[in-house]
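I opened my notebook to look up a few things in this model.

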Amino acid sequence: MSPRQAEAEIAAPHPRETSQLFGHRQEETALLNAYKSGRIAHAWLIGGAQGIGKATLAYRMARFVLSHRDPLAPAVQRAETLAIEPSLPVARQIASGSHGGLLSLERTANDKGVLRTVITVDETRETISFFGSTAAAEGWRVCIVDTVDELNPNAANALLKILEEPPQQSLFLLISHAPARVLPTIQSRCRKLQMRPLEIPDVIAAAALASSRDGDDAALKEAASASEGSVSRALTLLGGDALKLQQRTAALLAALPKVDPRELHALGDLLPLSDRAALAAFIDGIDRWISERLRIDGASNANLPRLARLAEVWEKIARAARDTQDYNLERKPLVFSVFSMLSDATR
């Protein structure tokens with residue numbers, strides 16, 4: 001639900017600026033070996049929980065491909081990781097968003113400076129001109145969609161059209177927090193790469209680098225332990241009373257479908273209008289809880305009507321949460337609305 005953790009008080013660098021990847025060696029090797037083969041799939045759906053390094057891996061792959069355009073070259077065949085020197089022109093250009101061989105699709109601000117809630121069809125149609133007729137002559141071109149979950153229906157269809165007839169030497173890296181919910185027609189045209197949450201030592205190392213804290217910092221260790229393998233979540237929990245708020249949110253979720261209005265008021269009081277980190281922690285906790293319920297119920301086919309209700313509510317909560325974030329609305333009405341919908345959906 002939440003945008004990249006620019007909403008948090010301690011924000012991670014944008015993945016295009018991040019040269020280090022913590023963990024995920026197996027997934028990195030899968031991409032590298034596919035490229036070395038000279039027959040890499042043109043589109044990859046990179047799935048997993050938010051904040052675990054999906055976009056970091058995607059940009060890491062883009063840097064490697066755009067600096068090693070011949071997959072059969074000796075340097076590529078000798079490579080053991082996707083790392084390249086951060087001082088290389090390709091790395092500097094990607095970090096600044098100026099490399100002509102890379103197109104990044106993500107939510108942008110509208111003409112009023114407010115972050116959009118979706119990736120629009122006009123932005124997605126940029127892929128048509130980007131993958132022009134000269135692309136093959138100029139070598140590889142890479143498109144990163146962060147995230148495909150945020151494409152509006154028209155944008156998703158526009159992306160599908162180019163995935164159906166991919167240009168030569170094109171590579172699409174589609175990032176998703178919920179890959180099972182991506183359009184089946186898009187899924188069918190992608191090789192899937194599922195990423196797991198990070199181990200706590202990797203979360204500590206990554207969060208320490210992003211926040212310029214020492215790895216032995218007690219608060220950082222506590223946040224990493226509660227992060228469920230997500231660096232962005234650990235950084236969010238480092239801000240203000242976010243950890244306490246997440247714990248109170250979890251207790252209310254565990255009591256569903258029962259709801260105590262007094263507890264909701266108390267929770268709302270922990271979400272002051274100016275504290276974006278607290279709001280991010282609340283939204284993230286709700287998002288993870290619903291995702292886990294859908295995963296468990298979906299795997300067992302248990303109570304399918306409730307599963308459908310919960311999926312529908314997830315969409316409504318996502319929209320309400322994005323509006324609250326983007327327009328900086330009062331938080332308490334969101335808290336009551338979220339738990340009212342969840343209570344009805346879980347009865």
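Where is proline 257 found? I looked it up: proline 257 sits in the loop between H13 and H14. Helices (H or I, at least four residues) and strands (E, at least two) are DSSP runs, numbered from the N terminus. The peptide bond that leads from leucine 256 to proline 257 is cis, with omega near 10 degrees.

**Ground rules**

I noted that this is a predicted model, where local features need pLDDT of at least 70, side-chain atom pairs count only at pLDDT 80 or more, and totals for chains, interfaces and linings use all residues. Residues are numbered from 1 along each chain as its sequence is written, and side-chain values use heavy atoms, with hydrogens and water left out.

I found another cis peptide bond, from aspartate 146 to threonine 147, with omega near 5 degrees. Threonine 147 is in the loop between S3 and H8.

**The sheet**

Next I traced the strands. An open sheet has 5 strands in the order S2-S3-S4-S1-S5, and the pairing is parallel. Two strands pair if DSSP finds at least two bridges between them. At the edges I found strand S2 (102-105) and strand S5 (191-194), each pairing on one side only. On average, neighbouring strands of this sheet are turned by 15 degrees against each other, direction ignored. For such angles, axes are lines fitted to C-alpha atoms, for helices over the stretch in contact, and angles run from 0 to 180 degrees between N-to-C directions.

I then checked S4 and its partners. Strand S3 (residues 141-146) runs parallel to strand S4 (residues 170-176), and 6 bridges join them. Isoleucine 144 stands opposite leucine 173 in S4. Arginine 141 has serine 170 in S4 as its bridge partner. S1 and S4 also run parallel, joined by 5 bridges. There, glycine 47 stands opposite serine 176 of S4.

How does the chain cross from S3 to S4? It goes through H8, and this β-α-β crossover is right-handed. That label applies if, with the strands pointing away from the viewer, the path from the first strand over the helix to the second runs clockwise.

Why is S4 largely enclosed by the rest of the structure? I found 7 of the 7 residues of S4 buried, so the strand is largely enclosed. Buried means under 20% relative accessible area, exposed means over 50%, and partly exposed is in between (1.4 Å probe, protein chains only). In a regular strand the side chains alternate between the two faces of the sheet. In S4, Ser170, Phe172, Leu174 and Ser176 point one way, while Leu171, Leu173 and Ile175 point the other way.

**The largest core**

I moved on to the nonpolar cores. Such a core is a set of buried Ala, Val, Leu, Ile, Met, Phe, Trp, Tyr and Cys residues joined through side-chain atoms within 4.5 Å. The largest one has 47 residues, and Phe282, Ile286 and Phe339 are among those that touch the most other members. H15 gives the largest share of this core, 9 residues.

Which residues does phenylalanine 339 touch? Not counting residues up to four places away in sequence, its list includes Thr249, Leu264, Phe282 and Ile286. Contact means heavy atoms within 4.5 Å.

Arginine 288 lies in helix H15 (residues 276-300). Is arginine 288 buried or exposed? Its relative accessibility is 17%, so arginine 288 counts as buried. Its side chain makes a polar contact with the side chain of glutamate 228 (2.8 Å). A polar contact is a pair of N or O atoms within 3.5 Å; within protein, one must be able to donate a hydrogen and the other to accept it, and residues adjacent in sequence count only if both atoms are side-chain atoms.

Isoleucine 296 is in helix H15 too. At 35% relative accessibility, isoleucine 296 counts as partly exposed.

Last, I looked at backbone angles. Histidine 24 is not a glycine, yet has a positive phi of about 60 degrees. Histidine 24 lies in the segment before H1 and counts as buried at 9% relative accessibility. Serine 212 also has a positive phi of about 60 degrees, although it is not a glycine. Serine 212 lies in the loop between H10 and H11 and is exposed, with a relative accessible area of 70%.
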